[in-house]
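The stops below are given in the order in which to select them.

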Amino acid sequence: MSARSAAQRIRKAIAVVNAVVDGAGDEEITPTEIAEAIRDCLEMAELAGVPNVRKYLGEALDATSDGMPADFVAMTLYAALGALQEGLPS
């Protein structure tokens, strides 16, 4: 998996959290589903060389487990995405 697909996976987790922030419509998105999307990101081998990304993802996972608001979790995931983009070679 490339850095591009790592960024796509983080964006997918952001989309899940944003669905909660936006009210998710007819679907009920549980904290377990959010945590699963974040764990999927943490399992990517490409993140081994970019420690700040793993740090932010871990914070997002902890925030989800602690029942923090979804907008806080989304903000932390955006920080992970930014750290990933900064950590990519130019």
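**Before selecting**

This is a predicted model, in which local features need pLDDT of at least 70 and side-chain atom pairs count only at pLDDT 80 or more, while totals for chains, interfaces and linings use all residues. Residues are numbered from 1 along each chain as its sequence is written, and side-chain values use heavy atoms, with hydrogens and water left out.

**Stop 1: α1 and α2**

Select residues 3-21, helix α1, and residues 31-42, helix α2. Helices are DSSP runs of H or I with at least four residues, numbered from the N terminus. Two packed helices are described by the angle between their axes and the distance between the axes. Here the axes of α1 and α2 come within 9 Å and cross at roughly 165°. Axes are lines fitted to C-alpha atoms, for helices over the stretch in contact, and angles run from 0 to 180 degrees between N-to-C directions. The angle therefore makes α1 roughly antiparallel to α2 (the term applies to angles over 145 degrees). The crossing of α1 and α2 is left-handed, that is, the near helix is turned anticlockwise from the far one by less than a right angle.

Now show side chains. On α1 the contact (heavy atoms within 4.5 Å) is made by R9, I10, A13, V16, V17 and V20, and on α2 by I34, A37, I38, D40 and C41. By class, these residues are 9 nonpolar, no polar and 2 charged. Nonpolar covers Ala, Val, Leu, Ile, Met, Phe, Trp, Tyr, Cys and Pro; charged covers Asp, Glu, Lys and Arg; the others, Gly among them, are polar.

**Stop 2: α1 and α4**

The axes of α1 and α4 come within 9 Å and cross at roughly 165°, so α1 is roughly antiparallel to α4. This crossing is left-handed. On the α1 side, select A3, A6, A7, I10, R11, A13, I14, V17, N18, V20 and V21; they meet A70, D71, V73, A74, L77, Y78, A80, L81, L84 and Q85 in α4. The contact of α1 with α4 divides into 17 nonpolar, 2 polar and 2 charged residues.

**Stop 3: α3 and α4**

Hide α1 and select α3, residues 51-65. How do the axes of α3 and α4 cross? They come within 8 Å and cross at roughly 170°, which means that α3 is roughly antiparallel to α4. N52, V53, Y56, L57, E59, A60, A63 and T64 of α3 meet F72, V73, T76, L77, A79, A80, A83 and L84 of α4. This contact has 12 nonpolar, 3 polar and 1 charged residues.

**Stop 4: the core**

The largest nonpolar core has 29 residues, and I10, I38, V53, L57, V73 and L77 touch the most other members. Such a core is a set of buried Ala, Val, Leu, Ile, Met, Phe, Trp, Tyr and Cys residues joined through side-chain atoms within 4.5 Å. The elements giving two or more residues to this core are α1, α2, α3 and α4, and α4 gives the most, with 8 residues.

Select I38. Not counting residues up to four places away in sequence, I38 touches A13, L57, A60, L61, T64, V73 and L77.

**Stop 5**

- V73 is buried at 3% relative accessible area (buried means under 20%, with a 1.4 Å probe and protein chains only). Beyond its neighbours within four places in sequence, V73 is in contact with V17, I34, I38, A60, A63, T64 and M68. The C-alpha atoms of V73 and E59 are 8.2 Å apart, and the two residues are 14 residues apart along the chain.
- T76, also in α4, is buried at 5%. Leaving out residues up to four places away in sequence, T76 touches Y56, E59 and A60. From T76 to E36, 40 residues apart along the chain, the C-alpha separation is 16 Å.
- A83 lies in α4 and is buried, with a relative accessible area of 12%. With residues up to four places away in sequence set aside, A83 touches V50, N52, V53 and Y56. The C-alpha atoms of A83 and R54, 29 residues apart along the chain, are separated by 9.3 Å.

Conventions: Angles under 35 degrees count as roughly parallel, over 145 as roughly antiparallel, 65 to 115 as roughly perpendicular and the rest as oblique. Buried means under 20% relative accessible area, exposed over 50%, partly exposed in between (1.4 Å probe, protein chains only).
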